[in-house]
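Below are my notes on the model, as numbered points. Please read them with the structure open.

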There are 2 protein chains.
Amino acid sequence: MGGNGEAGKRRPVRGGVTMAAVGRIAGVSQVTVSRALSDPSKVSPATLARIRAAIRATGFVPNALAGALASRRSNLITALVPSLTNIVYAALVQAFAAEMRPHGYEILLSETGHDAASEEALIAAHLSRRPDAVLLTGTRHSPEARRMLLAAGVPVVEVWDITDTPVDMCVGFSHAEAGRAVADFARAEGQTRAATITAQDARAHRRKQAFAARFAQTGGAPVTEVNCPGPASLAAGRAALAEALEARGFAGGVVFCSSDLLAQGVLIEARARRLSVPGDLAVIGFGDQDFAAALDPALTTVRVDRARLGRVAAEMLLDRLNDRTPARAIFDLGFEIIRRTSA
Amino acid sequence: MGGNGEAGKRRPVRGGVTMAAVGRIAGVSQVTVSRALSDPSKVSPATLARIRAAIRATGFVPNALAGALASRRSNLITALVPSLTNIVYAALVQAFAAEMRPHGYEILLSETGHDAASEEALIAAHLSRRPDAVLLTGTRHSPEARRMLLAAGVPVVEVWDITDTPVDMCVGFSHAEAGRAVADFARAEGQTRAATITAQDARAHRRKQAFAARFAQTGGAPVTEVNCPGPASLAAGRAALAEALEARGFAGGVVFCSSDLLAQGVLIEARARRLSVPGDLAVIGFGDQDFAAALDPALTTVRVDRARLGRVAAEMLLDRLNDRTPARAIFDLGFEIIRRTSA
DNA sequence: GTGAAAGCGCTAACAG
DNA sequence: CTGTTAGCGCTTTCAC
């Protein structure tokens, strides 16, 4: 006992103190309480003090639902990402939220799970909350989704990819360009044979396709393409390398993985097979995650500035929200190949 | 040009179609539209068809703000986690959201950043959205935070830790117990010297303290405690081992890390120093992340079923939301030491 | 500096 | 099966 825990208790009364109640206690009308909260300078110091005391005494927490309904501003930003457990998207959201919160915006976050069909339903669900802005991952959306977004009339930013025809604005980089750049890098290293290991992710597949096409076009051998069934993981990377080597006739060369995690799995599998890296196997990851540089051998990979991506997305939205015109509506953030020792 | 991109366009009219407008088109009153949406069986097939046609024609998206205000149900769950980029919390939220979404609940997510002060402000901000339930990480909250939560009168579940005095309900495990169990494990292995490497995290510190106390109490040497300044990372793990070895007089034995990531860093640093694992250095992680089993040597660690944690938290909340009494308000999920080869 | 009145777009009774 | 009447708790506008 003791404490106010009361574990297991039933739910008490809901919906608490109102501005009207606070006003009654402070001896003012409800509007004055509203003003005290939204713009204290419009209220005399004396009444302000009484109102604040009443707020403290009652534990008043304003009802943002009512406020949003009346003002037509929800201070809510809706965000849709493929996965929360993928560090790439988590870091992006983290940076985005950190930028938006100081401006009074809260983030309503949902996972789409790489599933195009569910995105539409989620967008509808989110729009029903009347967000002030929307953040989406990727630039491929159903026509109906686009229609709803346009009809909602709110700023929209699509991240992690770029397109000439965003719903509103976009910030990211060209995945096809990235794939080609890696192919050129590998060819320049003198690689003639290549394999790709790709997790289930639309953008990863675009990188892979561009890589394979360019690699072959520039004189490399046809690329061995291994697709992992689920999300990226160490184990999937190990299994994929084993498959490439044993079942797909890949005899060594460069391996381009769709994520650093996959690449780490490849590194581990290579060590288990006594293959030298980068001698027998040159390994290239994607994402430049924290651990990439600390691996042994250090992982050569493609860096995308995820935190900057989140910040830029936030800035674009804030520009629109404050009726400023964003410097650019289509922002190519680019990428960078980080050469370390694995390739 | 082309497409409906119109990148850079100004914001069009906000606040869209209302139920009243839909009703006007369908030749019914606004309430009938409401009924058609909430319980189609209460509307005749003929009018239902007309209403649906009108909804499609107008692109009507219901205003959940107004609905929540009127019904006093927001279908919103508020969740507060220390960090989104920490896989431990991300996985928990993922499982939790997956369980809640089919029941019509959306998740408003915020990061507290291990900062107790900001938690209070965030709780207030979240409560202003009138959530139907609240999920919090950890069981240590300011008195004011507890007061607000209690006053809100909504179900609350605290996760990732347990206490006898939850605000409402909790599900997790005892971090002190976990620390002691690891100490016992290490002592049983014949370890007499130990070091801890701990990231900045209140619960990690509780595990460490319990570990150190138990290790010494059972005859082990005083424990070398290294605290990392920031969040866990591979690099931090490497640096911490170096510090223990070079500056803190740790001469080998068992190393208990507050996360698998840190442990992986230790493994890498050990290899770089030509220390054998588990011979010179026995390494124990925490979390049993995906990669733990795939490392070489495979990492001995403490497993906590994060997905189950999320599911159980959701079930507890759903019980309350449906006026059922949860089977238990305090749920000890336990943990398990997974013995692999690193210790 | 303060208040009264009128909604925001919906749900919840209560009639018919 | 359908409509009418009241709000939900705020912000906005216009008075004083």
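1. A195(A) stands opposite T224(A) in β7(A). The strand partner of β7(A) is β6 (residues 194-198) of chain A, and the two pair in the parallel sense over four bridges. Strands count as paired if DSSP finds at least two bridges between them. Strands here are DSSP runs of E with at least two residues, helices are runs of H or I with at least four, and both are numbered from the N terminus.

2. This is a predicted model, in which local features need pLDDT of at least 70 and side-chain atom pairs count only at pLDDT 80 or more, while totals for chains, interfaces and linings use all residues. Residues are numbered from 1 along each chain as its sequence is written, and chains are lettered from A and ligands numbered from 1 in the order in which they are written.

3. The pair in point 1 belongs to an open sheet of four strands in chain A, ordered β7-β6-β8-β9, with parallel pairing. β7 (224-227) and β9 (281-284) of chain A are the edge strands, each pairing on one side only. From one strand to the next, the twist averages 20°.

4. Helix α9 (residues 202-217) of chain A lies across β6, β7 and β8 (253-257) of chain A and runs at about 170° to β6(A). Axes are lines fitted to C-alpha atoms, for helices over the stretch in contact, and angles run from 0 to 180 degrees between N-to-C directions.

5. How are the two chains related? A rotation of 180° with 0.0 Å of shift along its axis superposes chain A on chain B, with RMSD 0.1 Å. The copies are thus related as by a two-fold rotation axis. L108(A) has the C-alpha of chain A nearest the axis, 2.3 Å from it. The superposition is by least squares on the C-alpha atoms of residues with pLDDT of at least 70 in both copies.

6. Chain A gives 68 residues to the contact and chain B gives 69. The side of chain A that touches chain B divides into 36 nonpolar, 17 polar and 15 charged residues. Of the interface residues of chain A, 100% are also interface residues in chain B, so the copies meet through the same surface. Contact means C-beta atoms, placed from the backbone, within 7 Å.

Terms used. Two residues are in contact if their C-beta atoms, placed from the backbone, lie within 7 Å. Ala, Val, Leu, Ile, Met, Phe, Trp, Tyr, Cys and Pro count as nonpolar, Asp, Glu, Lys and Arg as charged, and the others, Gly among them, as polar.
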